Amino acid sequence: MSVMPIDKYRPVQTVALHDRQWPNRVIDRAPIWCSVDLRDGNQALIEPMGTDRKQRMWDLLVRLGFKEIEVGFPAASQTDFDFVRHLIDNDLIPDGVTVQVLTQSREELIRRTFDAIRGAKRAIVHLYNSTSTLQRRVVFGLDRDGITEIAVRGTKLIKELVPTVPETEIVFQYSPESFTGTELDYARDICGAVLDAWQPTPQHKAILNLPATVEMATPNVYADQIEWCHRNFARRDSFVLSVHPHNDRGTGIAATELALMAGADRVEGTLFGNGERTGNVDIVTLGLNMFTQGVNPELDLHDVGDIVRTVEYCNQLPVHPRHPYGGELVFTAFSGSHQDAIKKGFAAMEKSNSGLWEVPYLPIDPQDIGCSYEAVIRVNSQSGKGGVAYLLLTDHGLDLPRKLQVEFSQVIQKLADETGKEISSKVIWHEFEQEYLVPGRVEVIGHTTLPTGRGERHIEAQVRIDGVEKTIRGEGNGPLNAFVDALKREIDIDVDIADYREHALRSGSDSSAATYVEAQIGGKTLFGVGIDSNIVMASLKAVAGAVNRGLRKAAA
Ligand SMILES: CC(=O)SCCNC(=O)CCNC(=O)[C@H](O)C(C)(C)COP(=O)(O)OP(=O)(O)OC[C@H]1O[C@@H](n2cnc3c(N)ncnc32)[C@H](O)[C@@H]1OP(=O)(O)O
Ligand SMILES: CC(C)C(=O)C(=O)O
């Protein structure tokens, strides 16, 4: 029983391909990419692109290295027609780049398409008609032969028109649109009939494009369909097997990757997956998925921010903040254990220096695609000590000891819980200064140390106690202990140093050293932090800092 009307739906037929080979294959090279942003992407926009936006998209696609670009459906609209003419008349198509144009299998549309491409060096003429059982029945009211007749008639007309554009090398492409709802034996027959009419050769291949016009099944089913066609279609050496996946079930990327394993040579898609309904397959994600496996995507995707900005401008649609690789939040960890692992991953990589990218939770180095590490860790109530420590390290060069990380993260956790908001690095630093660095009742102004002659140090420290300057004196086995001695002798403050650490500041300040002391004061364990260009001064400040915190807490 279900409250949903499940009886309205039927499962898609699976493919009887028991010796399927694709599960054992890996993707080890890039396919031929064809961008359909200016056609399939454009036909899905609320406001289709005008010349300016088309030109911006075209320039981007050329810059990224696409060699095949579907520039429109020139017989459908004057804007599309004019844009194709604009590219050709102004000689804007670089050598090595081929424009592709789509047409239905209707005589007047095919003739108009040829008017559009006249003068181009090379063009792919892309013919389609719908072949699924559903469309045959409800849209065309035709049987298999009737639908095949439409496709063959269009193919023959294109062949006839080729000599009318002698300066243009024509590549022929055919799509049995709604392929995923088409019986495979019929797909084979109609594609066979089209190729018989076209007569491609291994030297002059046609393109057969098998679209998941609507994604209807799990990606393995599409892979089976593609492998079946790869193995059963005639003239396999004379056509490029292309796929054109959509993303109705949210598995467009998976379906495409499996289709490539199943024998596809070419992929049609769009940047960040704009396209009808839930979109076409996203070529940026496909390319970067390959890149993260060490496979050259053969597209220049090194500046993803630039791609996002241009795509958002051209499509007038936002790229989702969680979109793979391009979204503004995809390199950001808010949760504590992720932050901890990322911080450790960076440290381990620095240590090993292997050249390999091995950071937990980050499948790609953001810098490889033009992003910085700035947003990798952001802090809110879900964060832990690792994230706060990471920001203090990267933004201020402070490498806090573990116990101090625990102590300070409680301050930030409290603030995050109280506000319910993200705590920026600036606020974290402000809180750190307030907690550890602002002067308190005891302030160190200067010091001199001298050997005592008994192997110890004598210190004279200039301090301000409650605003009153004073020199205090003490002795110990080093300046720190001598200062502790002076505090005890002259102002009756008992400090016991449990731990001491120092390091040169890594960045973010002119000061050269940071010192951390863990001290027992009045029965409490407290940290003090000192930052100064003089290492002894930094440690005295750290002790004074711990004392001040102890006094503050005692007074509270
Ligand atoms: C899956 C895809 O993305 S396919 C691409 C779809 N893209 C677009 O449709 C965008 C551009 N299209 C258009 O602007 C218009 O559809 C045009 C200009 C091409 C044609 O417009 P119109 O002639 O007014 O009508 P319309 O598109 O409604 O035509 C449907 C007719 O074409 C027929 N038809 C549809 N597709 C095809 C085809 N590929 N080959 C032959 N005939 C076709 C239909 O059966 C229908 O015939 P009918 O009028 O006898 O019932
Ligand atoms: C024209 C074809 C390839 C198409 O856009 C589709 O099937 O989605």
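Which residues does UniProt list for "binding site"? The views below begin with them. This is a predicted model, in which local features need pLDDT of at least 70, side-chain atom pairs count only at pLDDT 80 or more, and totals for chains, interfaces and linings use all residues. Residues are numbered from 1 along each chain as its sequence is written, while chains are lettered from A and ligands numbered from 1 in the order in which they are written.

**View 1. The annotated binding site.** The unreviewed UniProt entry lists Asp40, His244, His246 and Asn280. They are spread over 241 residues of sequence, yet they cluster in space, with a largest C-alpha distance of 10.4 Å. UniProt positions follow the numbering used here, feature names are shortened, and annotations may be inferred rather than shown by experiment.

View 2. Asp40 is found in helix H1 (residues 37-41). Helices (H or I, at least four residues) and strands (E, at least two) are DSSP runs, numbered from the N terminus. Asp40 is buried, because 24 other C-beta atoms lie within 10 Å. The cut-offs are 20 or more such atoms for buried, 12 or fewer for exposed, and in between for partly exposed, with C-beta atoms placed from the backbone. Leaving aside neighbours within four places in sequence, Asp40 is in contact (C-beta atoms, placed from the backbone, within 7 Å) with Thr270, Gly275, Glu276 and Asn280.

**View 3. Asn280 in its loop.** Asn280 lies between strand S8 (266-269) and helix H10 (283-291). It is buried, with 31 other C-beta atoms within 10 Å. Its contacts, leaving aside neighbours within four places in sequence, include Asp40, His246, Thr270 and Gly275.

**View 4. The shell around ligand 2.** Among the residues surrounding ligand 2 are Asp40, His244 and His246. Others include Leu102, Tyr128, Ser175 and Asn209. A residue is near a molecule or strand if its C-beta atom, placed from the backbone, lies within 6 Å of it. Strand S5 (169-177) and strand S6 (206-212) each give two or more residues to this shell. Three of the shell residues are nonpolar, five polar and two charged. Here Ala, Val, Leu, Ile, Met, Phe, Trp, Tyr, Cys and Pro count as nonpolar, Asp, Glu, Lys and Arg as charged, and the others, Gly among them, as polar.

**View 5. The shell around ligand 1.** Of the 15 residues around ligand 1, Gln43, Ala76, Gln104, Ser105 and Asn129 come nearest. Strand S4 (122-130) and helix H5 (133-140) each supply at least two shell residues. The shell divides into six nonpolar, six polar and three charged residues.

**View 6. Strand S13 between its partners.** Seven of the nine residues of strand S13 (residues 513-521) are buried, so the strand is largely enclosed by the rest of the structure. Strand S12 (residues 495-504) runs antiparallel to S13, joined by nine bridges. Strands pair if DSSP finds at least two bridges between them. His503 has Ala514 of S13 as its bridge partner. Nine bridges also join S13 to strand S14 (residues 524-532), again antiparallel. There, Ile521 is partnered by Lys524. The hairpin of S13 and S14 has two residues between the strands, and Gly522 takes a positive phi near 55°.

**View 7. Helix H17.** Helix H17 (residues 535-555) has 21 residues. From first C-alpha to last, H17 reaches 30 Å, close to the 30 Å expected at 1.5 Å a residue. The expected span is 1.5 Å times one less than the number of residues. H17 is mostly covered, with 15 of its 21 residues buried.

How values were computed:
Contact = placed C-beta atoms within 7 Å.
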